[in-house]
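User: Please show me how to read the side-chain features of a model like this one. Take one kind of feature at a time.

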Amino acid sequence: RIWDADGDSDLQGVNNFDGRKGSPAGVDPEKLTSEVFNYIFRGKEFPEGCGIDREVMEAMKREFTYWYPMDLRVSAKDLIPNHLTMALYNHAAIWDDQPELWPKGYYTNGHVQVDAEKMSKSKGNFLMMDECVNTYSSDVTRLTCADAGDSLEDANFSREVADAALMGLYTELKWVEENIE
């Protein structure tokens, strides 16, 4: 069995079956053998005599096949050389003969800045999404996030852009109200 203890590199959606935290189905971790894992995750034959009810095993298999293959893994750019690379290695090692179960895509992004400074609680410029929505509205928050950038470069949530978008939408709303009557 290959299991990377690093959470960002493991098999996303599979980590409830590792036996360390206990199984949601009440399965004794000692019964989680290679044969059981091969049945659930690799489509091998049901392991007769494993001591786990077939119905429970089918539920575990359905849970796995609901999440796999993973369509998209999104993460920060600084995780490319470690977590994301190891995640690819783990998938390729476990499903060496089933590449259709490998992740379909990865997307990485930069970090988030606020007003061109690193967002940080210690700097006092940390913004939560609900705070932005309450301050600016959901439409203005979406427009500001769209303007912030979507590449490997650090995104910049600019309060100046948010203020301008708010005023622009307000001005447009007033113009529509005046001209529709």
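**Reading the features**

Analyst: The class is set by relative accessible area: under 20% is buried, over 50% is exposed, and partly exposed lies in between (1.4 Å probe, protein chains only). The model is predicted, so local features are given at pLDDT of at least 70 and side-chain atom pairs at pLDDT 80 or more, while totals for chains, interfaces and linings use all residues. Residues are numbered from 1 along each chain as its sequence is written, and side-chain values use heavy atoms, with hydrogens and water left out.

User: With which residue does Asp154 form a salt bridge?

Analyst: Side chains of opposite charge can pair when their charged atoms come close. A salt bridge is a side-chain nitrogen of Lys or Arg within 4 Å of a carboxyl oxygen of Asp or Glu. The partner of Asp154 is Lys77, with 3.2 Å between the closest N and O atoms. This bridge joins distant parts of the chain, 77 residues apart: Asp154 is in the loop between α5 (138-148) and β5, and Lys77 is in the loop between β1 (73-76) and α3. Helices (H or I, at least four residues) and strands (E, at least two) are DSSP runs, numbered from the N terminus. Lys77 has a relative accessible area of 27% and is partly exposed.

User: How many salt bridges does the structure hold?

Analyst: There are 6 salt bridges. One of them pairs Arg54 with Glu48 at 3.0 Å, N to O. Arg54 is partly exposed at 41%, whereas Glu48 is exposed at 62%. Another joins Lys174 and Glu177, with closest N and O atoms 3.2 Å apart. Lys174 and Glu177 are 3 residues apart in helix α6 (residues 159-180), so about one helical turn separates them. Lys174 is partly exposed at 32%, and Glu177 is partly exposed at 37%.

User: Now the aromatic pairs. How many does the count come to?

Analyst: Rings of Phe, Tyr and Trp (its six-membered ring) pair if their centres lie within 6.5 Å; planes under 30 degrees apart are stacked, over 60 edge-to-face, and the rest tilted. The count comes to 8 aromatic pairs. Tyr66 and Trp67 make an edge-to-face pair, 4.9 Å centre to centre with 85° between the planes. Tyr66 is exposed, at 62% relative accessibility, and Trp67 is partly exposed, at 47%. Tyr136 and Phe157 make a tilted pair, 6.3 Å centre to centre with 50° between the planes. This second pair links distant parts of the chain, 21 residues apart, with Tyr136 in helix α4 (residues 129-136) and Phe157 in strand β5 (residues 155-157). Tyr136 has 9% relative accessibility and so counts as buried, and Phe157, at 7%, is buried too.

User: Which residues do ring pairs link into a cluster?

Analyst: Phe37, Phe41, Phe64, Tyr68 and Trp95 are linked in this way. Phe37 and Phe41 are among the buried residues of helix α1 (residues 34-42), along with Val36, Tyr39, Ile40 and Arg42. The buried residues of α1 pack against α2 (54-67) and α3 (80-94), where contact means heavy atoms within 4.5 Å. Just after α1, Gly43 has a positive phi of about 70°.

User: Which residue lies over the face of Tyr39?

Analyst: A charge sits over a ring if NZ of Lys or CZ of Arg is within 6 Å of the ring centre and within 35 degrees of the ring normal. Lys61 lies over the face of Tyr39, 4.0 Å from the ring centre. Lys121 lies over the face of Phe126, at 5.3 Å from the ring centre.

User: What pattern does the protein chain follow along the sequence?

Analyst: The order is α-α-β-α-β-β-β-α-α-β-α, with 6 helices and 5 strands. Of the 181 residues in the protein chain, 31% are buried. Among contacts with a separation of 6 or more, 58% are between residues 24 or more positions apart. Leu88 is partly exposed, with a relative accessible area of 44%.
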